[in-house]
2 protein chains.
Amino acid sequence: MVFSSKLVEDAVQEFSRLPGIGKKTALRMVLQLLKMKEGEVDTFTNALSRMRHELVFCDTCHNVSDTTTCTICANPGRDRSQVCVVENIRDVIAIESTKQYSGLYHVLGGILSPLDGIGPEQLNITTLHDRVKDSGVEELIMALSPTIEGDTTVYYIARQFKDLPVRITTIARGIAFGGELEYADEMTLARSIAKRLPIENYVTVHNKAN
Amino acid sequence: MVFSSKLVEDAVQEFSRLPGIGKKTALRMVLQLLKMKEGEVDTFTNALSRMRHELVFCDTCHNVSDTTTCTICANPGRDRSQVCVVENIRDVIAIESTKQYSGLYHVLGGILSPLDGIGPEQLNITTLHDRVKDSGVEELIMALSPTIEGDTTVYYIARQFKDLPVRITTIARGIAFGGELEYADEMTLARSIAKRLPIENYVTVHNKAN
(Lines give C-alpha, C1' and ligand atoms only; values in the text may rest on other atoms or scores of the structure.)
Protein backbone atom coordinates (compact mmCIF):
# COMPACT_ATOMS: atom_id res chain seq x y z
CA MET A 1 0.00 0.00 0.00
CA VAL A 2 1.17 3.49 -0.82
CA PHE A 3 0.13 6.25 1.56
CA SER A 4 0.33 9.96 0.93
CA SER A 5 0.31 10.61 4.69
CA LYS A 6 2.96 9.44 7.13
CA LEU A 7 0.48 9.83 10.01
CA VAL A 8 -1.98 7.44 8.36
CA GLU A 9 0.80 5.07 7.37
CA ASP A 10 2.11 4.90 10.96
CA ALA A 11 -1.36 4.28 12.35
CA VAL A 12 -2.05 1.51 9.82
CA GLN A 13 1.36 0.02 10.58
CA GLU A 14 0.61 -0.06 14.30
CA PHE A 15 -2.86 -1.56 13.87
CA SER A 16 -1.54 -4.33 11.66
CA ARG A 17 0.68 -5.52 14.53
CA LEU A 18 -2.47 -6.87 16.18
CA PRO A 19 -3.31 -10.54 15.62
CA GLY A 20 -5.38 -11.28 12.52
CA ILE A 21 -5.29 -7.69 11.29
CA GLY A 22 -3.95 -7.21 7.78
CA LYS A 23 -3.18 -3.90 6.11
CA LYS A 24 -6.66 -3.50 4.62
CA THR A 25 -8.47 -4.14 7.89
CA ALA A 26 -6.03 -1.84 9.66
CA LEU A 27 -6.83 0.90 7.15
CA ARG A 28 -10.55 0.43 7.73
CA MET A 29 -9.99 0.86 11.46
CA VAL A 30 -7.87 3.95 10.95
CA LEU A 31 -10.56 5.53 8.77
CA GLN A 32 -13.11 4.73 11.47
CA LEU A 33 -10.93 6.54 14.03
CA LEU A 34 -10.75 9.50 11.65
CA LYS A 35 -14.54 9.64 11.62
CA MET A 36 -14.71 9.71 15.42
CA LYS A 37 -14.54 12.95 17.37
CA GLU A 38 -11.09 13.82 18.75
CA GLY A 39 -12.33 13.29 22.30
CA GLU A 40 -13.58 9.81 21.42
CA VAL A 41 -10.21 8.85 20.00
CA ASP A 42 -8.60 10.17 23.19
CA THR A 43 -10.93 7.95 25.23
CA PHE A 44 -9.93 5.04 23.00
CA THR A 45 -6.17 5.53 23.27
CA ASN A 46 -6.34 6.39 26.98
CA ALA A 47 -8.24 3.18 27.75
CA LEU A 48 -5.55 1.12 26.00
CA SER A 49 -2.70 3.07 27.51
CA ARG A 50 -4.09 2.96 31.07
CA MET A 51 -4.79 -0.74 30.76
CA ARG A 52 -1.22 -1.50 29.72
CA HIS A 53 0.36 0.72 32.36
CA GLU A 54 -1.92 0.14 35.33
CA LEU A 55 -3.02 -3.46 34.98
CA VAL A 56 -1.34 -5.86 37.40
CA PHE A 57 -1.64 -9.55 38.11
CA CYS A 58 -3.46 -10.73 41.20
CA ASP A 59 -0.95 -11.91 43.83
CA THR A 60 -3.12 -14.89 44.66
CA CYS A 61 -4.57 -16.26 41.43
CA HIS A 62 -2.47 -14.46 38.74
CA ASN A 63 -5.59 -13.20 37.01
CA VAL A 64 -5.33 -9.71 35.52
CA SER A 65 -6.48 -7.17 38.04
CA ASP A 66 -6.78 -3.46 38.74
CA THR A 67 -5.38 -4.02 42.25
CA THR A 68 -2.94 -6.48 43.84
CA THR A 69 -5.85 -8.71 44.84
CA CYS A 70 -8.37 -9.24 42.07
CA THR A 71 -12.11 -8.67 42.53
CA ILE A 72 -12.78 -12.42 42.44
CA CYS A 73 -10.26 -13.29 45.18
CA ALA A 74 -11.42 -10.29 47.21
CA ASN A 75 -15.11 -11.20 46.96
CA PRO A 76 -16.25 -12.66 50.31
CA GLY A 77 -19.19 -14.31 48.57
CA ARG A 78 -17.01 -16.74 46.58
CA ASP A 79 -16.52 -20.31 47.69
CA ARG A 80 -12.91 -20.50 48.93
CA SER A 81 -12.84 -24.30 49.02
CA GLN A 82 -12.93 -24.60 45.21
CA VAL A 83 -10.19 -23.42 42.86
CA CYS A 84 -10.63 -23.70 39.13
CA VAL A 85 -7.26 -24.09 37.38
CA VAL A 86 -7.17 -22.48 33.94
CA GLU A 87 -4.59 -21.77 31.29
CA ASN A 88 -5.12 -18.04 30.80
CA ILE A 89 -7.32 -15.08 31.64
CA ARG A 90 -9.47 -15.65 28.57
CA ASP A 91 -10.64 -18.86 30.22
CA VAL A 92 -11.47 -16.97 33.41
CA ILE A 93 -13.62 -14.57 31.40
CA ALA A 94 -15.31 -17.48 29.60
CA ILE A 95 -16.16 -19.29 32.83
CA GLU A 96 -17.21 -16.11 34.64
CA SER A 97 -19.50 -15.28 31.73
CA THR A 98 -21.45 -18.52 32.35
CA LYS A 99 -22.37 -17.16 35.82
CA GLN A 100 -22.51 -20.76 37.05
CA TYR A 101 -19.26 -20.95 39.03
CA SER A 102 -18.80 -19.34 42.42
CA GLY A 103 -15.36 -20.60 43.48
CA LEU A 104 -11.94 -19.05 42.94
CA TYR A 105 -9.44 -19.39 40.08
CA HIS A 106 -5.78 -20.06 39.49
CA VAL A 107 -4.28 -18.93 36.20
CA LEU A 108 -1.36 -21.15 35.20
CA GLY A 109 -0.17 -18.83 32.46
CA GLY A 110 0.01 -21.66 29.92
CA ILE A 111 0.19 -25.45 29.81
CA LEU A 112 3.13 -27.82 29.76
CA SER A 113 4.58 -27.92 26.27
CA PRO A 114 8.17 -29.13 26.10
CA LEU A 115 8.33 -28.41 22.36
CA ASP A 116 7.62 -24.74 23.05
CA GLY A 117 10.04 -24.71 25.98
CA ILE A 118 7.27 -24.47 28.57
CA GLY A 119 8.09 -26.59 31.61
CA PRO A 120 6.65 -26.54 35.15
CA GLU A 121 8.92 -23.60 36.11
CA GLN A 122 7.30 -21.40 33.48
CA LEU A 123 3.84 -21.98 34.95
CA ASN A 124 2.28 -20.75 38.20
CA ILE A 125 2.36 -24.22 39.80
CA THR A 126 4.42 -23.44 42.92
CA THR A 127 2.02 -20.72 44.02
CA LEU A 128 -0.88 -23.13 43.42
CA HIS A 129 0.86 -25.67 45.64
CA ASP A 130 1.26 -23.03 48.37
CA ARG A 131 -2.41 -22.02 48.08
CA VAL A 132 -3.58 -25.61 48.44
CA LYS A 133 -1.26 -26.22 51.40
CA ASP A 134 -2.07 -23.00 53.26
CA SER A 135 -5.60 -21.89 52.34
CA GLY A 136 -7.97 -24.78 52.95
CA VAL A 137 -8.64 -25.49 49.28
CA GLU A 138 -10.67 -28.71 49.09
CA GLU A 139 -11.07 -29.14 45.37
CA LEU A 140 -9.00 -28.24 42.32
CA ILE A 141 -11.15 -28.18 39.19
CA MET A 142 -8.84 -28.62 36.23
CA ALA A 143 -10.32 -26.67 33.30
CA LEU A 144 -7.54 -27.02 30.75
CA SER A 145 -7.61 -27.50 26.99
CA PRO A 146 -8.68 -31.01 25.89
CA THR A 147 -5.32 -31.62 24.22
CA ILE A 148 -2.32 -33.83 24.90
CA GLU A 149 -0.59 -30.84 26.54
CA GLY A 150 -3.65 -30.07 28.66
CA ASP A 151 -3.97 -33.67 29.83
CA THR A 152 -0.23 -33.84 30.55
CA THR A 153 -0.52 -30.74 32.70
CA VAL A 154 -3.46 -32.24 34.61
CA TYR A 155 -1.52 -35.45 35.28
CA TYR A 156 1.61 -33.53 36.27
CA ILE A 157 -0.28 -31.44 38.82
CA ALA A 158 -2.17 -34.45 40.14
CA ARG A 159 1.14 -36.25 40.76
CA GLN A 160 2.80 -33.22 42.38
CA PHE A 161 -0.18 -32.67 44.68
CA LYS A 162 -0.87 -36.29 45.59
CA ASP A 163 0.27 -35.89 49.23
CA LEU A 164 -2.00 -32.88 49.81
CA PRO A 165 -5.55 -33.33 51.10
CA VAL A 166 -7.18 -31.93 47.97
CA ARG A 167 -9.60 -33.53 45.55
CA ILE A 168 -8.66 -33.02 41.90
CA THR A 169 -11.42 -33.07 39.30
CA THR A 170 -11.55 -32.18 35.62
CA ILE A 171 -14.37 -30.47 33.78
CA ALA A 172 -16.63 -32.85 31.88
CA ARG A 173 -15.67 -33.69 28.33
CA GLY A 174 -18.32 -34.80 25.91
CA ILE A 175 -20.70 -33.74 23.22
CA ALA A 176 -21.24 -29.98 23.37
CA PHE A 177 -24.70 -28.69 24.18
CA GLY A 178 -26.47 -28.19 20.85
CA GLY A 179 -23.76 -30.19 19.08
CA GLU A 180 -24.65 -32.91 16.61
CA LEU A 181 -23.42 -36.44 17.25
CA GLU A 182 -22.44 -37.07 13.66
CA TYR A 183 -20.05 -34.09 13.62
CA ALA A 184 -18.31 -34.92 16.90
CA ASP A 185 -14.77 -36.24 16.52
CA GLU A 186 -14.27 -39.94 17.27
CA MET A 187 -12.25 -39.40 20.43
CA THR A 188 -14.87 -37.12 21.99
CA LEU A 189 -17.68 -39.44 21.01
CA ALA A 190 -15.86 -42.55 22.28
CA ARG A 191 -15.04 -40.83 25.56
CA SER A 192 -18.58 -39.57 26.01
CA ILE A 193 -19.86 -43.16 25.72
CA ALA A 194 -17.20 -44.55 28.05
CA LYS A 195 -17.96 -41.86 30.62
CA ARG A 196 -21.75 -42.09 30.28
CA LEU A 197 -23.84 -40.95 33.23
CA PRO A 198 -26.87 -42.53 34.90
CA ILE A 199 -30.04 -40.66 33.99
CA GLU A 200 -30.43 -39.22 37.51
CA ASN A 201 -27.15 -37.35 37.01
CA TYR A 202 -28.41 -35.87 33.76
CA VAL A 203 -29.08 -32.35 34.92
CA THR A 204 -28.72 -29.47 32.57
CA VAL A 205 -27.21 -26.22 33.70
CA HIS A 206 -30.63 -24.65 33.45
CA ASN A 207 -32.18 -27.06 35.90
CA LYS A 208 -29.36 -26.46 38.31
CA ALA A 209 -29.76 -22.73 38.09
CA ASN A 210 -33.50 -22.81 38.74
CA MET B 1 -18.75 -11.22 28.89
CA VAL B 2 -17.91 -10.78 32.54
CA PHE B 3 -14.58 -9.13 33.33
CA SER B 4 -12.83 -9.07 36.68
CA SER B 5 -10.89 -5.97 35.63
CA LYS B 6 -12.42 -2.62 34.76
CA LEU B 7 -9.26 -1.68 32.85
CA VAL B 8 -9.59 -4.70 30.58
CA GLU B 9 -13.34 -4.18 30.23
CA ASP B 10 -12.86 -0.55 29.15
CA ALA B 11 -10.19 -1.50 26.64
CA VAL B 12 -12.35 -4.28 25.15
CA GLN B 13 -15.30 -1.88 25.04
CA GLU B 14 -13.26 0.68 23.12
CA PHE B 15 -11.85 -1.83 20.64
CA SER B 16 -15.30 -3.20 19.89
CA ARG B 17 -16.36 0.25 18.63
CA LEU B 18 -14.23 -0.39 15.57
CA PRO B 19 -15.97 -1.76 12.46
CA GLY B 20 -16.24 -5.53 12.29
CA ILE B 21 -14.75 -6.04 15.75
CA GLY B 22 -16.85 -8.08 18.16
CA LYS B 23 -16.21 -8.57 21.86
CA LYS B 24 -14.15 -11.74 21.37
CA THR B 25 -11.88 -10.22 18.73
CA ALA B 26 -11.54 -7.11 20.87
CA LEU B 27 -10.45 -9.25 23.80
CA ARG B 28 -7.85 -11.00 21.63
CA MET B 29 -6.45 -7.61 20.65
CA VAL B 30 -6.38 -6.41 24.23
CA LEU B 31 -4.48 -9.52 25.31
CA GLN B 32 -2.02 -8.92 22.48
CA LEU B 33 -1.44 -5.38 23.77
CA LEU B 34 -0.85 -6.84 27.23
CA LYS B 35 1.88 -9.04 25.78
CA MET B 36 3.62 -6.05 24.19
CA LYS B 37 6.18 -3.98 26.08
CA GLU B 38 4.82 -0.77 27.65
CA GLY B 39 6.87 1.31 25.21
CA GLU B 40 5.39 -0.54 22.25
CA VAL B 41 1.87 0.16 23.46
CA ASP B 42 2.83 3.82 23.89
CA THR B 43 4.03 3.86 20.26
CA PHE B 44 0.72 2.29 19.25
CA THR B 45 -1.53 4.72 21.11
CA ASN B 46 0.63 7.73 20.18
CA ALA B 47 0.44 6.86 16.47
CA LEU B 48 -3.37 6.76 16.65
CA SER B 49 -3.64 9.86 18.78
CA ARG B 50 -1.25 11.92 16.63
CA MET B 51 -3.01 10.83 13.47
CA ARG B 52 -6.39 11.95 14.77
CA HIS B 53 -5.11 15.27 16.12
CA GLU B 54 -2.59 16.28 13.47
CA LEU B 55 -4.04 14.93 10.25
CA VAL B 56 -5.58 17.57 8.00
CA PHE B 57 -7.19 17.54 4.57
CA CYS B 58 -5.29 18.84 1.57
CA ASP B 59 -6.60 22.29 0.57
CA THR B 60 -6.44 21.35 -3.10
CA CYS B 61 -7.57 17.74 -3.45
CA HIS B 62 -9.16 17.00 -0.01
CA ASN B 63 -6.98 13.95 0.44
CA VAL B 64 -5.79 13.31 4.01
CA SER B 65 -2.47 14.96 4.53
CA ASP B 66 0.17 15.80 7.12
CA THR B 67 0.36 19.37 5.78
CA THR B 68 -2.09 21.78 4.12
CA THR B 69 -0.91 20.64 0.70
CA CYS B 70 -0.61 16.86 0.39
CA THR B 71 2.53 15.14 -0.89
CA ILE B 72 0.81 14.23 -4.15
CA CYS B 73 -0.31 17.80 -4.95
CA ALA B 74 3.11 19.11 -3.86
CA ASN B 75 5.05 16.64 -6.00
CA PRO B 76 6.44 18.53 -9.06
CA GLY B 77 6.81 15.20 -10.88
CA ARG B 78 3.05 14.58 -11.10
CA ASP B 79 1.12 15.34 -14.26
CA ARG B 80 -0.98 18.41 -13.43
CA SER B 81 -3.17 18.08 -16.53
CA GLN B 82 -4.89 14.93 -15.21
CA VAL B 83 -7.14 14.78 -12.16
CA CYS B 84 -8.57 11.47 -11.02
CA VAL B 85 -11.89 12.00 -9.22
CA VAL B 86 -12.50 9.47 -6.43
CA GLU B 87 -15.01 8.93 -3.69
CA ASN B 88 -12.71 8.65 -0.67
CA ILE B 89 -9.12 8.40 0.46
CA ARG B 90 -9.23 4.61 0.38
CA ASP B 91 -9.57 4.89 -3.38
CA VAL B 92 -6.54 7.19 -3.53
CA ILE B 93 -4.50 4.59 -1.63
CA ALA B 94 -5.76 1.82 -3.93
CA ILE B 95 -4.84 3.72 -7.11
CA GLU B 96 -1.50 4.94 -5.72
CA SER B 97 -0.65 1.36 -4.79
CA THR B 98 -0.89 0.34 -8.47
CA LYS B 99 2.00 2.77 -9.18
CA GLN B 100 0.55 3.23 -12.68
CA TYR B 101 -0.98 6.70 -12.30
CA SER B 102 1.06 9.87 -12.21
CA GLY B 103 -1.63 12.58 -12.26
CA LEU B 104 -3.38 14.33 -9.38
CA TYR B 105 -6.54 13.44 -7.43
CA HIS B 106 -9.73 15.04 -6.24
CA VAL B 107 -11.53 13.39 -3.32
CA LEU B 108 -15.28 14.03 -3.51
CA GLY B 109 -15.92 12.76 0.01
CA GLY B 110 -18.77 10.51 -1.16
CA ILE B 111 -21.10 10.08 -4.10
CA LEU B 112 -24.55 11.47 -4.79
CA SER B 113 -27.10 9.49 -2.81
CA PRO B 114 -30.37 11.32 -2.24
CA LEU B 115 -31.66 8.48 -0.03
CA ASP B 116 -28.76 9.06 2.37
CA GLY B 117 -29.20 12.82 2.16
CA ILE B 118 -26.02 13.31 0.13
CA GLY B 119 -26.53 15.97 -2.51
CA PRO B 120 -24.00 18.01 -4.55
CA GLU B 121 -23.51 20.45 -1.63
CA GLN B 122 -22.21 17.64 0.58
CA LEU B 123 -19.50 16.75 -1.95
CA ASN B 124 -16.32 18.61 -2.94
CA ILE B 125 -17.69 19.54 -6.37
CA THR B 126 -17.36 23.35 -6.21
CA THR B 127 -13.64 23.12 -5.45
CA LEU B 128 -13.25 20.68 -8.35
CA HIS B 129 -14.98 23.19 -10.62
CA ASP B 130 -12.58 25.92 -9.44
CA ARG B 131 -9.58 23.66 -10.02
CA VAL B 132 -10.66 22.86 -13.55
CA LYS B 133 -11.37 26.52 -14.32
CA ASP B 134 -8.14 27.92 -12.84
CA SER B 135 -5.45 25.26 -13.00
CA GLY B 136 -5.17 24.02 -16.56
CA VAL B 137 -6.69 20.61 -15.90
CA GLU B 138 -7.20 18.89 -19.25
CA GLU B 139 -8.75 15.60 -18.19
CA LEU B 140 -10.98 14.46 -15.35
CA ILE B 141 -10.76 10.70 -14.89
CA MET B 142 -13.89 9.62 -13.05
CA ALA B 143 -12.97 6.62 -10.86
CA LEU B 144 -16.21 6.16 -8.93
CA SER B 145 -18.03 3.04 -7.79
CA PRO B 146 -19.74 1.12 -10.61
CA THR B 147 -23.17 1.67 -9.04
CA ILE B 148 -26.24 3.71 -9.88
CA GLU B 149 -25.05 6.38 -7.43
CA GLY B 150 -21.56 6.38 -8.93
CA ASP B 151 -22.91 6.72 -12.47
CA THR B 152 -25.32 9.45 -11.37
CA THR B 153 -22.42 11.38 -9.88
CA VAL B 154 -20.42 11.03 -13.09
CA TYR B 155 -23.34 12.33 -15.18
CA TYR B 156 -24.00 15.17 -12.76
CA ILE B 157 -20.40 16.37 -12.88
CA ALA B 158 -20.24 15.96 -16.66
CA ARG B 159 -23.33 18.18 -17.00
CA GLN B 160 -22.07 20.80 -14.56
CA PHE B 161 -18.68 20.99 -16.29
CA LYS B 162 -19.91 20.88 -19.90
CA ASP B 163 -18.91 24.51 -20.60
CA LEU B 164 -15.36 24.02 -19.36
CA PRO B 165 -12.58 22.94 -21.73
CA VAL B 166 -11.98 19.64 -19.97
CA ARG B 167 -12.22 16.08 -21.22
CA ILE B 168 -14.13 13.76 -18.91
CA THR B 169 -13.32 10.05 -18.99
CA THR B 170 -14.28 7.13 -16.79
CA ILE B 171 -12.13 4.19 -15.80
CA ALA B 172 -12.75 1.05 -17.85
CA ARG B 173 -15.44 -1.31 -16.62
CA GLY B 174 -15.32 -4.94 -17.55
CA ILE B 175 -14.19 -8.37 -16.53
CA ALA B 176 -11.56 -8.12 -13.80
CA PHE B 177 -8.05 -9.37 -14.56
CA GLY B 178 -7.96 -13.01 -13.45
CA GLY B 179 -11.75 -13.05 -13.18
CA GLU B 180 -13.77 -15.88 -14.64
CA LEU B 181 -16.41 -15.09 -17.24
CA GLU B 182 -18.99 -17.45 -15.80
CA TYR B 183 -18.92 -15.69 -12.41
CA ALA B 184 -19.23 -12.17 -13.79
CA ASP B 185 -22.61 -10.56 -13.24
CA GLU B 186 -24.78 -10.12 -16.32
CA MET B 187 -24.53 -6.35 -16.41
CA THR B 188 -20.74 -6.36 -16.34
CA LEU B 189 -20.54 -9.08 -18.94
CA ALA B 190 -23.08 -7.38 -21.22
CA ARG B 191 -21.27 -4.05 -20.92
CA SER B 192 -17.88 -5.64 -21.54
CA ILE B 193 -19.20 -7.06 -24.80
CA ALA B 194 -20.89 -3.81 -25.84
CA LYS B 195 -17.68 -1.85 -25.07
CA ARG B 196 -15.35 -4.39 -26.69
CA LEU B 197 -11.95 -3.14 -27.92
CA PRO B 198 -10.06 -3.79 -31.15
CA ILE B 199 -7.14 -6.16 -30.51
CA GLU B 200 -4.54 -3.41 -31.04
CA ASN B 201 -5.95 -1.65 -27.95
CA TYR B 202 -5.58 -4.80 -25.90
CA VAL B 203 -2.58 -3.81 -23.80
CA THR B 204 -2.14 -5.15 -20.32
CA VAL B 205 -0.86 -2.95 -17.53
CA HIS B 206 2.35 -4.95 -17.56
CA ASN B 207 3.09 -4.14 -21.17
CA LYS B 208 2.43 -0.48 -20.50
CA ALA B 209 4.80 -0.44 -17.55
CA ASN B 210 7.68 -2.06 -19.43
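The model is predicted: local features need pLDDT of at least 70, side-chain atom pairs count only at pLDDT 80 or more, and totals for chains, interfaces and linings use all residues. Residues are numbered from 1 along each chain as written, chains are lettered from A in the order written, and side-chain values use heavy atoms, without hydrogens and water.

**Chain A overall**
- Chain A has 9 helices and 6 strands (DSSP runs: H or I of at least four residues, E of at least two, numbered from the N terminus).
- Its radius of gyration is 22 Å, while a compact globule of 210 residues would have one near 17 Å (C-alpha atoms; the rule is 2.2 Å times the number of residues to the power 0.38).
- The C-alpha atoms of chain A fill a box of roughly 65 × 45 × 45 Å along the principal axes.
- Of the 210 residues, 39% count as buried (under 20% relative accessible area, 1.4 Å probe, protein chains only).

**The sheet in chain B**
- An open, parallel sheet holds 4 strands in the order E4-E3-E5-E6 (strands pair if DSSP finds at least two bridges between them).
- Strands E4 (103–107) and E6 (167–170) are the edges, each pairing on one side only.
- The twist averages 25 degrees from one strand to the next (axes are lines fitted to C-alpha atoms, for helices over the stretch in contact; angles run from 0 to 180 degrees between N-to-C directions).
- Strands E3 (79–86) and E5 (139–142) share 4 bridges.
- B:Val85 has B:Met142 as its bridge partner in E5(B).

**Helices on the sheet**
- Helix H5 (89–98) of chain B packs on the sheet and touches E3 and E4, at about 160 degrees to E4(B) (contact means heavy atoms within 4.5 Å).
- Helix H6 (126–134) of chain B also packs there, touching E3, E4 and E5, at about 150 degrees to E4(B).

Notes
Buried means under 20% relative accessible area, exposed over 50%, partly exposed in between (1.4 Å probe, protein chains only).
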